[in-house]
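Please keep the viewer open and follow the points in order.

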Amino acid sequence: MAEAVVRRAVEAFLAQDLEGILELADEEIVLRSLLTEAERPLYHGHDGVREWFHAVFGVFPDWRPQPRAAAYDEEGVVVMCLDVTATGAGSGAPVDQTYWLGARVEAAKIRFFGFFRTEQDALDAVT
């Protein structure tokens, strides 16, 4: 069940559906971003999710994370690989990278949603 919730959140993100993401996010969600980590690595609550969402699409309007099968899915904890492509809005610079998503789901709501450089970092953050 946790993987299905996380996949629905990724699908909402792909559709640039902020309300769809918020429906799946716990009111007290903590979101960890790699994209904005130099300025702000953590976002809190629904307001934080809104700020992060606008930050990502402001810099990369075509941000496209493509999820692979979950590497870990147990007791509300999900770790999955994302292949990401995008183009910088101002620079036109292409992005083609792999990230790891670590998430914790409780009562069908995402409590933590974080992006990491390695599978182990993602797993350590959510277990």
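1. A word on terms before we start: contact, or touching, here means heavy atoms within 4.5 Å. With that in hand, look at Ser 33, which touches Pro 41, Tyr 43, Trp 52 and Phe 115 once residues up to four places away in sequence are set aside. Please bear in mind throughout that this is a predicted model.

2. Let us stay with Ser 33 for a moment. Ser 33 sits in the loop between E1 and E2. Is Ser 33 buried or exposed? Its relative accessible area is 1%, and buried means under 20%, so Ser 33 counts as buried. Its side chain also makes a polar contact with the side chain of Trp 52, at 3.3 Å.

3. The loop between E1 and E2 holds another residue worth a look, Thr 36. With a relative accessible area of 7%, Thr 36 is buried. The side chain of Thr 36 makes a polar contact with that of Tyr 43, at 2.9 Å. Residues up to four places away in sequence aside, Thr 36 touches Pro 41, Tyr 43 and Ala 55.

4. In what order do the strands of the open sheet lie? There are 6 strands, arranged E2-E1-E6-E5-E4-E3, and the pairing is mixed. At the edges are strand E2 (42-44) and strand E3 (64-74), each of which pairs on one side only. On average, neighbouring strands of this sheet are turned by 15° against each other, direction ignored.

5. E1 and E2 run antiparallel and are joined by 3 bridges. Two of the residue pairs you can pick out are Leu 31 with Tyr 43 of E2 and Val 30 with His 44 of E2. E1 and E6, by contrast, run parallel, with 4 bridges between them. Here Ala 25 has Ile 110 of E6 as a bridge partner.

6. Next comes helix H3 (residues 45-59), which lies across E1, E2, E4 and strand E6 (109-116) and runs at about 45° to E1. Its length checks out: at 1.5 Å a residue, 15 residues should span 21 Å, and the end C-alpha atoms of H3 are 22 Å apart, which agrees.

7. Which residues of H3 are buried? They are Gly 45, His 46, Gly 48, Val 49, Trp 52, Phe 53, Val 56 and Phe 57. These residues lie on the same side of H3, because they cover an arc of only 155° around the axis. An α-helix has 3.6 residues a turn, so residues three or four places apart point the same way. Asp 47 and His 54, on the other side of H3, are exposed. The buried residues of H3 pack against helix H1 (2-14), helix H2 (18-24), E1, E2 and E6.

8. Buried in H1 are Ala 2, Val 5, Val 6, Ala 9, Val 10, Ala 12, Phe 13 and Leu 14. What covers them includes H2, H3, E3, E4, E5 and E6. After H1 comes Gln 16, where phi is positive, near 55°.

9. H4 lies across E3, E4, strand E5 (94-106) and E6, and runs at about 20° to E5.

10. Finally, look inside strand E4 (residues 77-87), where you will find Met 80. Met 80 is buried, with a relative accessible area of 0%. Which residues is Met 80 in contact with, leaving aside its neighbours within four places in sequence? They are Glu 3, Val 6, Arg 7, Pro 67, Arg 68, Ala 69, Ala 70, Ala 71, Tyr 99, Trp 100 and Leu 101. Phe 115 is 35 residues from Met 80 along the chain, and the C-alpha atoms of the two are separated by 9.8 Å.

Technical notes. Residues are numbered from 1 along each chain as its sequence is written. This is a predicted model: local features need pLDDT of at least 70, side-chain atom pairs count only at pLDDT 80 or more; totals for chains, interfaces and linings use all residues. Side-chain values use heavy atoms; hydrogens and water are left out. Buried means under 20% relative accessible area, exposed over 50%, partly exposed in between (1.4 Å probe, protein chains only). Two strands pair if DSSP finds at least two bridges between them. Axes are lines fitted to C-alpha atoms, for helices over the stretch in contact, and angles run from 0 to 180 degrees between N-to-C directions. A polar contact is a pair of N or O atoms within 3.5 Å; within protein, one must be able to donate a hydrogen and the other to accept it, and residues adjacent in sequence count only if both atoms are side-chain atoms. The expected span of a helix is 1.5 Å times one less than its number of residues. The arc is that of the directions from the helix axis to the C-beta atoms.
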